[in-house]
Amino acid sequence: MEQNFIKPPVEIRYADQLKVLRENDNGKKPENWLLSPKAVRTFILGGEVDSPEGKVKIPRKFYGNDALVERCIITLAGSRGLMLVGEPGTAKTMLSELLSAACCGVSTNTVQGTAGTTEDMIKYSWNYALLLAKGPCREALVPSPLLVGMEKGIFARFEEITRTPAEIQDSLISVMSDQILNIPELGDEGLVQAKRGFNIIGTANTRDKGVNEMSGALKRRFNFETVEPVSDVSLEKEIIIREAENMAKAGHIDCPIDTDVAELLAVTYHELREGKTAEGTVVEKPAAVMSTAEAVSVYYQTISHAWYYGDGTADMGILTENLLGAVCKENKDDLEKLKAYFRTAVKEKAKKVGGVWTEYSKTASLLR
């Protein structure tokens, strides 16, 4: 049951919506896709579906550039892979999951890139007990995500590809060029050809650029799309509210979401990310990742504390402590930048706007 999972896969979480879209999808579909590109777009960006029972509303799940989503869908319908790049916390992984679930019905065929990722984690390995007992045979083969994707005609997702050693990344080149994977141990039966519908979605954050730079040969096999941070404060506020509500519901935390506090947090993250306040005051940007995902985490930590230790209302002191932990976890020099932001922007907004900003301003003493 869905409620027993910490994070249900997209295809389970939105099973009802995907079913409605499939049953009422009259669009043209690439071979082996479950939905047409039009229906995939509706699933991700929201819209209405005409069904025999009437119009069914599909909520928006990805907040960003709609044209980017359309380009991603068209890329995946072709023979080139899709590479989503951008700052950490810009929902690259979420977009990858949504695309996979909508097109293939599977979002979990995934390789997580790390410094320890090896080629057999991407392609295939062996059950050594069976290998010793029966020799190289299909029964002893343990397929990895790339091979599974090729044989089933579904997407293989490769998360954080630039954290993987360059020589391991390049093992994708021959597969993406020829759409064939050779398993020499199986002899004549070891040539696996990709079924139609197979493709690769990679993600890489720009902070890792240069750790294991992708080779030019591999880059040419992907279409690159840059996922930008949310630039609209009101939209960022909406995302914080929606995601905090979902996380609270999943965690059985019955705290009301304070929209004023969500807006305050959205403004704080936006201004620190941009290095400039709405009033035109220049502030120094922290080195930390000031992503919407981090803002959601800070807010969720705050309401969790309110639920377990407080009276159910967000405490501004706890919010500031959580913000401090999020901003200063990578670089201690960011503390002075955060203090400066409170001395200038927060103090100015407290005088001008009042309300939660006044309480927020009073917590500056916690920044130590």
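**Figure 1. Lys 337 and Asp 334 in helix 16.** Both residues lie in helix 16 (residues 334–352), 3 residues apart, or about one turn of the helix; helices are DSSP runs of H or I with at least four residues, strands runs of E with at least two, numbered from the N terminus. In this predicted model, local features need pLDDT of at least 70, side-chain atom pairs count only at pLDDT 80 or more, and totals for chains, interfaces and linings use all residues. Residues are numbered from 1 along each chain as its sequence is written, and side-chain values use heavy atoms, without hydrogens and water. Lys 337 and Asp 334 form a salt bridge, their closest N and O atoms 3.7 Å apart (a side-chain nitrogen of Lys or Arg within 4 Å of a carboxyl oxygen of Asp or Glu). Asp 334 is buried because its relative accessible area is 0% (buried is under 20%, exposed over 50%, partly exposed in between, with a 1.4 Å probe and protein chains only). Lys 337, at 18%, also counts as buried.

**Figure 2. The salt bridge of Glu 225 and Arg 71**. The closest N and O atoms are 2.9 Å apart. Glu 225 belongs to strand 11 (residues 222–226) and Arg 71 to helix 4 (residues 66–76), so the pair links parts of the chain 154 residues apart. Glu 225 is buried at 8% relative accessible area, whereas Arg 71 is partly exposed at 38%.

**Figure 3. The salt bridge of Glu 119 and Lys 123**. The N to O distance is 3.2 Å. Glu 119 is partly exposed, at 36% relative accessible area, and Lys 123 is buried, at 11%.
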